[in-house]
Amino acid sequence: MTAATSSDPRLLFFAGSARQDSYNKRLAKLGAMIAEANSIPSTFVDLADYPMPIYHGDLEAEQGQPDNAHKLKNLMKAHTGIFIVSPEYNASFSPLLKNAIDWVSHIRDDGEAPLEVFRTRVFALASASGGGLGGLRGLIQIRAVLELGTGALVLPEQFALPRARDAFDDNGHLKNKDQTEQLKAVIQKLARAARVLHG
């Protein structure tokens, strides 16, 4: 990560997939690379490194929130903009991502308002799929959960990558330069919005 001043935006990138060869994970990694190349401090994290049980109220009452949920929330707190890339599952988004959001939404540290970590950050969305729509239908559902469920500010701009199996070159970059510029534009908009919110 590049050194940053207190007023610099810091972007967190992660994918709603734990699969090793996930297109969405590749896109999230590329997003972090593009941000860094444009002097925007960024971090990529893999949700596979933060396993959590399926949210259950009785489990939470007995054992509290999982350590990994606290770790993920602390990562979110350390960044001012959050870029989520998620696969589309049956016209919605992945259970892995929904479960992570549900657990983090239940954590309220001392002095915090409910859902503060969501309501004090800016979010951007992207998706990748092997089909022609690029996972757009799932992004509609994620937007509803973040905006209506947690009160988050989500950029209207988003990025969808269709036919993802053929979209990446051997270095993890997109073959199509126009798509690269579209992704870069969303990342830069996220950074500007995060700077306005926290500057």
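These legends describe close-up views of a predicted model.

**View 1. Helix α4 packs against helix α6.** The pair shown is helix α4 (residues 95-105) and helix α6 (residues 136-150), whose axes come within 12 Å and cross at roughly 10°. With that crossing angle, α4 counts as roughly parallel to α6, because angles under 35 degrees fall in that class. On the α4 side, the residues in contact are Leu97, Lys98 and Ile101. They meet Ile142, Val145, Leu146 and Thr150 of α6. By class, this contact is made up of 5 nonpolar residues, 1 polar residue and 1 charged residue. Two packed helices are described by the angle between their axes and the distance between the axes.

View 2. Rolling a probe the size of a water molecule over the atoms shows where empty space is left. Over the whole structure, the search finds 2 cavities of 30 Å³ or more. The largest cavity, shown here, has a volume of about 60 Å³. Its lining consists of Phe14, Leu72, Met76, Ile84, Leu97, Ala100, Ile101, Val104 and Phe118. The lining of the largest cavity has 9 nonpolar residues, with no polar and no charged ones. Helices α3 (67-77) and α4 each supply at least two residues of this lining. Helix α4 gives the most, with 4 residues. Leu97 and Ile101 line this cavity, and both also take part in the contact of α4 with α6.

View 3. The residues around the second largest cavity are Lys73, Val104, Ser105, Ile107, Arg108, Glu112, Ala113, Pro114, Leu115, Glu116, Val117 and Phe118. Two or more of the lining residues come from each of α4 and α5 (116-119). Helix α5 provides the largest share, 3 residues. By class, the lining of the second largest cavity comprises 7 nonpolar, 1 polar and 4 charged residues.

**View 4. Leu115 has a positive phi in the loop between α4 and α5.** The backbone at Leu115 has phi near 60°, a positive value in a residue other than glycine. Most residues other than glycine have a negative phi. Leu115 sits in the loop between α4 and α5. Its relative accessible area is 17%, so Leu115 is buried, the cut-off being under 20%.

**View 5. Ser39 has a positive phi at an exposed loop position.** Phi of Ser39 is near 60°, again a positive value in a residue other than glycine. Ser39 is placed in the loop between α1 and β2 (42-45). Ser39 has a relative accessible area of 62% and is therefore exposed, for which the cut-off is over 50%.

**View 6. The largest pocket is lined by residues that include α1 and β4 positions.** The pocket has a volume of about 150 Å³. Lining the largest pocket are Ser17, Arg19, Ser22, Tyr23, Asn24, Pro87, Glu88, Tyr89, Ala128, Ser129, Gly130 and Gly131. The elements that give two or more residues to this lining are α1 (23-37) and β4 (88-89). The lining residues of the largest pocket divide into 4 nonpolar, 6 polar and 2 charged.

**View 7. Ala69 is a buried residue of helix α3.** Ala69 lies in helix α3. The relative accessibility of Ala69 is 0%, so the residue counts as buried. Apart from its neighbours within four places in sequence, Ala69 is in contact with Met52, Trp103, Val104 and Ile107. From Ala69 to Ile187 the C-alpha to C-alpha separation is 25 Å, and the two residues are 118 residues apart in sequence.

**View 8. Gln179 is a buried residue of helix α7.** Gln179 belongs to helix α7 (residues 177-198). The relative accessibility of Gln179 is 17%, so this residue counts as buried. With neighbours within four places in sequence left aside, Gln179 is in contact with Phe159, Leu161, Pro162 and Leu174.

Terms used: Residues are numbered from 1 along each chain as its sequence is written. This is a predicted model: local features need pLDDT of at least 70, side-chain atom pairs count only at pLDDT 80 or more; totals for chains, interfaces and linings use all residues. Side-chain values use heavy atoms; hydrogens and water are left out. Buried means under 20% relative accessible area, exposed over 50%, partly exposed in between (1.4 Å probe, protein chains only). Contact means heavy atoms within 4.5 Å. Axes are lines fitted to C-alpha atoms, for helices over the stretch in contact, and angles run from 0 to 180 degrees between N-to-C directions. Angles under 35 degrees count as roughly parallel, over 145 as roughly antiparallel, 65 to 115 as roughly perpendicular and the rest as oblique. Ala, Val, Leu, Ile, Met, Phe, Trp, Tyr, Cys and Pro count as nonpolar, Asp, Glu, Lys and Arg as charged, and the others, Gly among them, as polar. On a 1 Å grid over the protein atoms alone, a cavity is a set of points where a 1.4 Å probe fits but cannot get out, and a pocket is an open set with protein on both sides within 12 Å along at least five of seven lines; lining residues have an atom within 4 Å of a point. Grid points are joined across faces, edges and corners, and a volume is the space filled by probe spheres set on the points.
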